[in-house]
Amino acid sequence: MDRIDSEFSRFLVFLSMFDNTYSKNKQLIELMGNDFSLKHFFRLNLEKLVNDKTISKMKSWADENIIENYFDSLKGKGITLLTSFDQEYPEKLKGLSDAPMFLFCKGDLSLLNRPSLAVVGTRKPTNYGRIVTEKLVSEIARNGIVIVSGLAYGIDSISHRKCLNEGGKTIAVLGSGFDNIYPTDHVALAEQIAKEGLLVSEYSPKRRATVYTFPVRNRIIAGLGDGVLITEAGIKSGTIHTKDYALDYGKNLFAVPGNINSELSALPNDIIKSGQAECVTEAKDIFSHYNIKKEKDRKESKNNFQLSLEQQAIVSLLQDGMKDIDYLTKNCGLPIYSFNSNLTMLEISGIVTRLPGGNISLS
Amino acid sequence: MLSKVKSFGLKGIEGFPIDVETDVSNGLPHFEIVGLADTAIKEAKERVRSAIKNSGYEYPAKRITINLAPADIKKEGALYDLSIAVAILSCNEEYKIKNEDKYVYVGELSFDGSVKQVRGVLPLLISARKLGYKKFIIPIANKEEASFIDGINIYCVKSLKQTIDFLSGEEELFPIECCDFKVLQNEDSDMSMDFCNVKGQAMAKRALEIAAAGGHNLLMIGPPGSGKSMLAKCFPSILPSLTFEEALEVTKIHSIAGELDLKKGIVTHRPFRSPHHTASTVSLTGGGANSKPGEISLADHGVLFLDEFPEYSRQTIETLRQPLEDGVITVARSNATITYPANFTLIASMNPCPCGNYGSKEKECHCSPGQISRYLAKLSGPIMDRIDIHIEVDNVTYDQLKSDERAERSSEIKKRVNKARAVQTERFKNDKNFCNAKMSSYQVKKYCKLDANGDIMLRNAFEKLKLSARAHDRLLKVARTIADLDGSENIEAQHIAEAISYRQLDRKYWN
């Protein structure tokens with residue numbers, strides 16, 4: 001919505017201030033009938049719909065000036081308000097039964113209609129989850145697919161960051177208003193996404209995150225992705241909500257299999273076994289659903305890097321997976337100072353990655 | 001009858017002269033001490049009387065008044081007992097005491113007349129020597145610590161009777177002989193804490209070597225049982241040996257705090273202090289009623305090891321800022337403001353998360369991401385700014401524990417450290433600081449020249465590895481030390497690259 005140009009649009013902006021549920025908003029609009037003037041609103045009998053507190057709040061804010069000011073303040077913050085009655089409202093959400101009536105957006109709106117993949121999972125991945133997420137996300141993002149996720153710790157933030165690093169586009173769906181980004185550690189990440197991608201929330205800026213806002217926002221994540229990829233999640237994880245929504249909406253569900261002893265691979269393994277999700281072991285498995293025939297290769301610069309003999313010694317030890325520093329220093333045959341400096345050089349050139357716990361793996 | 005003898009008081013680590021004036025006059029028997037004396041001195045009355053009586057002398061049944069001059073400085077401790085007793089007895093001509101005012105007396109008296117040891121003899125003697133005092137009478141128990149001071153005559157006594165006999169010429173005493181510090185230091189070397197006993201951990205050992213060579217503070221991050229404490233305890237064994245001047249400095253502080261090993265008399269090795277994380281702020285910084293030195297001053301010229309760093313109270317951690325920067329701590333209390341030296345190397349260790357298993361291969365971590373981030377956030381930016389090196393220490397495997405291979409001895413590492421320190425001594429001969437870690441930003445610009453490759457490396461590192469801006473100067477300082485260890489004039493690319501690998505906490509991968 002660019003500006004308030006009718007009584008109806010004013011009423012919508014008014015409604016967006018209260019973070020009511022979709023169904024309540026719908027009922028309110030129906031109750032108004034065809035007359036959307038504020039005068040009419042005051043005459044309504046709202047007791048059956050909302051509680052007393054909300055009624056008094058709504059009545060006190062039902063004022064043209066307040067609504068105008070609020071709308072201007074949104075614009076001032078660079079926030080676009082999309083309503084389900086707008087042209088720009090994403091097609092992907094339009095058909096859904098519980099689609100949000102309001103979407104607060106900050107960033108590049110065109111991303112909403114691009115081919116996309118939601119990547120979700122645990123907030124505390126293992127090194128395995130970290131590696132596979134980064135690997136898949138970087139290949140997917142390089143091929144122009146928008147990565148959708150939820151700005152949470154773990155898989156979410158890894159996906160956003162990796163995508164941005166690869167120069168890809170990403171959408172973060174928040175479980176709170178823009179003024180109360182949660183977790184606060186990710187405020188800087190959110191700002192970067194607002195600049196280079198898109199931030200989306202169904203909550204008005206002042207709204208704080210609560211326990212139930214996150215499962216609810218998961219439906220938007222599932223809705224905005226053309227598919228949903230689960231890399232690592234426990235059997236009781238909140239990721240289950242996203243999975244259920246994805247199945248409800250008929251989206252493609254992808255999962256990365258993992259060690260059967262690992263608690264955090266339980267959910268992906270489970271949904272692969274039950275046939276709900278497609279098993280993904282490489283990015284190609286996903287591309288076949290996106291009409292991507294020819295994959296773009298890694299950036300050339302990385303291949304140009306000439307490995308010294310010392311660096312080759314380190315890389316060769318990493319060929320069969322992640323190793324810890326002690327193992328490497330013992331087996332590479334290099335003095336420790338030379339090992340350290342060569343490892344950093346490999347890291348800078350993007351060939352190896354350092355993981356928590358003193359572990360090293362090939363990127 | 002009036003008599004006057006000398007004693008010495010202590011304010012912080014500096015001594016000041018005190019005149020003990022005694023007036024014995026006719027009147028009702030009475031004993032009074034004036035001159036801002038604390039309770040310990042007031043009680044000298046009873047000790048002195050019993051000691052005089054039990055040494056076979058007559059305690060004058062007269063009016064005795066003692067003045068501790070200068071009268072406006074607070075005095076504390078029991079070290080004036082001996083001087084008071086001598087002053088009282090010298091009023092009695094029967095005992096033929098001569099030249100009693102030529103000596104400085106220090107010592108506590110016991111009821112049986114024996115002279116007991118006192119705290120702070122070494123700093124007191126050093127100050128007194130500076131002020132030109134030549135002859136001292138001290139308790140025999142303090143002999144060892146006094147024996148490192150040359151150029152003055154020190155007589156050790158075991159009792160009041162011996163003191164009086166010496167003063168009256170009935171017994172001859174000889175000044176103590178000066179000890180050779182180097183000999184004692186070598187005799188005293190402790191071989192149990194040696195890096196050759198640490199299995200694996202090549203990375204951590206190298207980082208500690210660099211920390212020792214450049215005087216850098218270091219933080220170890222690792223799960224419980226990964227050997228962080230063991231590594232830290234071995235750290236002093238690769239630091240350059242204490243010089244005699246440094247040893248005197250350290251001994252002074254330990255002597256005041258009453259922490260000195262009286263058999264040795266001097267601190268021969270770099271102190272290693274590891275206060276528990278429940279330690280109060282005052283016990284760390286120093287202070288209390290008589291402004292005693294705290295743990296960080298006791299760690300002067302040595303190592304302060306803070307295990308479980310984030311578990312210390314926020315306030316305690318933050319008070320380390322000034323000493324880490326200036327090498328001194330100023331303790332201001334209502335009755336005194338005292339500056340103690342606090343020139344230590346900080347070795348801190350912490351777990352990667354509250355449960356300790358984050359990133360571990362064997363065990364699962366049960367902390368929430370928020371908990372982990374709060375745990376790490378306990379270390380504020382300004383403190384992290386003062387820690388040059390962060391490393392991860394991982395669990396040692398069973399195979400490594402059982403392996404018979406002998407690692408490099410501390411003495412070998414120490415040779416390299418000494419070489420690098422020599423380079424720094426030459427570099428900073430016109431400056432105040434003596435090691436790379438203490439360089440100012442101006443000095444960093446002057447001494448940390450990068451070659452072209454090094455510059456490209458640093459630029460790439462900042463872009464690709466997302467290092468924080470505060471890492472920049474730290475990196476250059478550490479790289480300077482690595483280049484010194486390498487014997488290289490300029491900082492080359494490989495030195496920078498190695499330095500970067502010791503900045504783990506600057507990486508963004510923790511969440």
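# Chains, domains, cavities and cysteines

Colleague: What percentage of the 363 residues in chain A is buried?

Modeller: Buried residues make up 55% of the 363 residues in chain A, where buried means under 20% relative accessible area, exposed means over 50% and partly exposed is in between, with a 1.4 Å probe and protein chains only. This is a predicted model, in which local features need pLDDT of at least 70 and side-chain atom pairs count only at pLDDT 80 or more, while totals for chains, interfaces and linings use all residues. Residues are numbered from 1 along each chain as its sequence is written, chains are lettered from A and ligands numbered from 1 in the order in which they are written, and side-chain values use heavy atoms, leaving out hydrogens and water.

Colleague: And what's the figure for chain B?

Modeller: In chain B, 56% of the 511 residues count as buried. Its C-alpha trace spans about 90 × 50 × 45 Å along its principal axes, and the C-alpha atoms of chain A fill a box of roughly 85 × 45 × 40 Å, also taken along the principal axes.

Colleague: How many helices and strands are there in chain A?

Modeller: Chain A has 17 helices and 12 strands, and chain B comes to 22 helices and 18 strands; these are DSSP runs numbered from the N terminus, with helices (H or I) of at least four residues and strands (E) of at least two.

Colleague: Which domains does the assignment give for chain A?

Modeller: For chain A the assignment gives domain 1 (1–76), domain 2 (109–287) and domain 3 (300–362), with bounds that come from an automatic or database domain assignment. The C-alpha centres of domain 2 of chain A and domain 3 of chain A lie 30 Å apart. Five residues from domain 2 of chain A and seven residues from domain 3 of chain A take part in the contact, contact meaning heavy atoms within 4.5 Å.

Colleague: OK, and which ones for chain B?

Modeller: Chain B is assigned domain 1 (2–167), domain 2 (186–413) and domain 3 (439–511). Taken over C-alpha atoms, the centres of domain 1 of chain B and domain 2 of chain B are separated by 40 Å, and 18 residues of domain 1 of chain B are in contact with 21 residues of domain 2 of chain B.

Colleague: Switching to cavities: how many of 30 Å³ or more does the structure hold?

Modeller: There are two cavities of 30 Å³ or more. On a 1 Å grid over the protein atoms alone, a cavity is a set of points where a 1.4 Å probe fits but cannot get out, and its lining residues have an atom within 4 Å of a point. Grid points are joined across faces, edges and corners, and a volume is the space filled by probe spheres set on the points.

Colleague: What lines the largest one?

Modeller: The lining of the largest cavity includes A:Ile325, A:Asp326 and A:Arg354 from chain A, as well as B:Met203, B:Ala204 and B:Glu392 from chain B. Helix H16 (325–331) of chain A and helix H8 (202–214) of chain B each supply at least two residues of that lining. By class, the lining has four nonpolar, three polar and four charged residues, where Ala, Val, Leu, Ile, Met, Phe, Trp, Tyr, Cys and Pro count as nonpolar, Asp, Glu, Lys and Arg as charged, and the others, Gly among them, as polar.

Colleague: And which residues lie nearest the centre of the second largest cavity?

Modeller: Of the 14 residues lining the second largest cavity, A:Gly357, B:Gly222, B:Pro223, B:Tyr358 and B:Glu392 lie nearest its centre. That lining divides into seven nonpolar, five polar and two charged residues.

Colleague: What about B:Cys355, which cysteine sulfur is closest?

Modeller: The closest cysteine sulfur to that of B:Cys355 is in B:Cys367, at 3.6 Å, which is too far for a bond. B:Cys355 is partly exposed, with a relative accessible area of 30%, whereas B:Cys353 is buried, at 0%.

Colleague: Last one: is A:Tyr70 buried or exposed?

Modeller: A:Tyr70 is buried, with a relative accessible area of 14%, and its place is in helix H5 (residues 64–76) of chain A. Not counting residues up to four places away in sequence, A:Tyr70 touches A:Val13, A:Ser16, A:Met17, A:Phe104, A:Ser204 and A:Pro205.

Methods
1 Å grid on protein atoms, 1.4 Å probe; cavity = no way out; pocket = protein on both sides within 12 Å on 5 of 7 lines; lining within 4 Å. Disulfide = S-S within 2.5 Å.
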